Amino acid sequence: MSRNNSIMVVLIVLFSIIFVLFVYLAIRQAAHINALSSEISAVQREISQRRTLIAQLKELKTNEQFLRKQHDEISTLIPKQPYEGMVLMNLQKSADDCGIPMVMIRFEKRSEEGELVSMPLDISFSGSYPEFKDLLSEIMYGSRLIRINELDLRVNDGMLEVDILANAFYSK
Amino acid sequence: MKHISLLPYEYKNRKRSGRILEISVVVMGIAAGIAVFIFVIASVLTVMPETELKAIKAENELLQSDIDALLPLKELSDNVKKLGNLVEKAVNGQPDWLEVFGFITAGIPDSIRVNVLSASYSGNTAILSIRGTAEDHGAVAGWMGVLNNSGSCSDISLNYSRSETASGGNGIEFELNVGIIRNEPFKLFREVPYEQE
């Protein structure tokens, strides 16, 4: 084989190697571009979702004061502890404010339903009907949630005797 | 005229091989050049999406930091919703007792006196059991008629209506059961329109 031919064979081998190498690299670049496009789409979707979330959060921010007030009110309605003393004091205060003395309060056995714990109450008052109506309003719209299950009203010697079976609540 | 080559066969063969090699070098050179060119183009094309990705990633991070700053509000809102659901569950369709008592007492005729009133509820119906005295049976019947025509009562039933003479009175005693249907459930939170700043 002449020297010229040898050089040409070397060149063919060299060009073949360059061809194979750069075709491989080009394919890798194409795959990389494809991966980048997918990633761009994913990030754009994420950006869109985040923009929506930010819009919602900004709306919350506008209502922040209202939201905090609502949270405080609801947290008082159903606190995280039983606070029987608070129930007792609230009822006593409501009764005093309405001029219908609280005769008795009894806390019955509690029951749980999920996160909610019910505290059954048996409460007795003695007074007049207008006072009872005021008291009912105080209990129903009081700071602590009390659900009235049963009411018993009796007139005895001109006085109205009221028995209320109710539930106060707290969350676990 | 016929062309006759007098060159030796080996020489011709070598020359043809050299020619093929030359062509192969050129073809492979061109192919390698095209491959390099394609690679360069692909590399240039990669720059654009890489820059775009970098930019949108930076924007995404910025948005995330905005979200992080506002996230406590979302937790607060979720907590309010959760507690609100607990309140709904706790209220459990309780009737508005003020409305119920207001309705029943407003319709009591002067000739009737209520002595005992027991109230409970089931679903959206407040169930009342009323014991009292009346001038006569007609007064009780009249009141039952009024309740019946009010459109808010169901299951009105009279347990008894009897003369009080046995117990020393001069009227009649009666016991009545009434169901009062309230379409609007009790709302703990009165809806107040929110005023935006």
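**Helices, cores and a chain contact**

Let's start with helix α3 of chain A, residues 84-98. This helix has 15 residues. From first C-alpha to last, α3(A) reaches 21 Å, close to the 21 Å expected at 1.5 Å a residue. One caution before I go on: this is a predicted model.

Which residues of α3(A) are buried? They are A:Val87, A:Leu91, A:Ser94, A:Ala95 and A:Cys98. These residues cover an arc of only 100 degrees around the axis, so they sit on the same side of α3(A). Now turn to the face pointing away from that buried side. There you find the exposed residues A:Gly85, A:Met89, A:Asp96 and A:Asp97.

What do the buried residues of α3(A) pack against? In chain A, they pack against β1 (102-107), β3 (116-127), α4 (129-140) and β5. After the helix comes A:Gly99, with a positive phi, near 70 degrees.

Now look at A:Leu135. Leave aside its neighbours within four places in sequence. A:Leu135 is then in contact with A:Ser94, A:Ala95, A:Cys98, A:Ile100 and A:Phe125.

The largest nonpolar core has 50 residues. In that core, A:Ile78, A:Leu135 and B:Leu128 touch the most other members. Strand β5 of chain A, residues 159-171, gives the largest share of this core, six residues. As background, nonpolar side chains tend to be buried together in soluble globular proteins.

Next, helix α1 of chain A, residues 3-62. This one has 60 residues and reaches 86 Å from its first C-alpha to its last, close to the 88 Å expected. Its buried residues are A:Met8, A:Phe15, A:Phe22, A:Ala26, A:Gln29 and A:Leu57. What covers them includes α1 of chain B, residues 9-91.

That takes us to the contact between the chains. How many residues does each chain give? Chain B gives 56 and chain A gives 63. On the side of chain B that touches chain A, α1(B) supplies the largest share, 43 residues. That side divides into 32 nonpolar, 16 polar and eight charged residues.

Last, chain B by domains. The domain assignment gives domain 1 (8-92) and domain 2 (97-181). Their C-alpha centres lie 80 Å apart.

Key
Residues numbered from 1 in each chain as written. Chains lettered and ligands numbered in written order. Domains from an automatic or database assignment. Core = buried A, V, L, I, M, F, W, Y, C linked by C-beta atoms within 7 Å. Buried ≥ 20, exposed ≤ 12 C-beta atoms within 10 Å, placed from the backbone. Helix = DSSP H or I, 4+ residues; strand = E, 2+ residues; numbered from the N terminus. Contact = placed C-beta atoms within 7 Å. Expected span 1.5 Å × (residues − 1). Arc of directions from axis to C-beta. Nonpolar A, V, L, I, M, F, W, Y, C, P; charged D, E, K, R; others polar.
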